[in-house]
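Visitor: I am new to this structure. Please show it to me, and then let me ask about it.

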Amino acid sequence: MLPLLLFNVISGLVIDKATDLATEHVESMIDDLLPKEAQKELDKAIKEDPAHEFTNAKEALMAVVEGRLP
């Protein structure tokens, strides 16, 4: 449950126009801010979610940026 909440917070930051996060910064944001174990848990939660086809958090966040994931 915590990984999905974390994903929702990050995706909210990405789509919030006030923060003005560039697409190329999404991947580095995950790498720089999340410990490897948290990244693994988040990727697992994303992969197990049947609501979409993404297999990791970076792919899903890029989809948020591109407007392909609500």
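**A short tour**

Guide: Start with Gln39, which is buried, with a relative accessible area of 10%. Buried means under 20% relative accessible area, exposed over 50%, and partly exposed in between (1.4 Å probe, protein chains only). This is a predicted model: local features need pLDDT of at least 70, side-chain atom pairs count only at pLDDT 80 or more, and totals for chains, interfaces and linings use all residues. Residues are numbered from 1 along each chain as its sequence is written, and side-chain values use heavy atoms, with hydrogens and water left out.

Visitor: Which residues does Gln39 touch, not counting residues up to four places away in sequence?

Guide: Gln39 sits in helix 3, residues 36-48. Helices (H or I, at least four residues) and strands (E, at least two) are DSSP runs, numbered from the N terminus. A contact means heavy atoms within 4.5 Å. With that sequence limit, Gln39 touches Ile30, Asp31 and Leu34.

Visitor: In helix 4, what arc do the buried residues cover around the axis?

Guide: Helix 4 spans residues 57-65, and its buried residues are Ala57, Ala60, Leu61, Ala63 and Val64. The arc is that of the directions from the helix axis to the C-beta atoms. These residues lie on the same side of helix 4, because their arc is only 155 degrees.

Visitor: How many helices are in the chain?

Guide: From the N terminus on, the elements run α-α-α-α. There are zero strands, and the helices number four.
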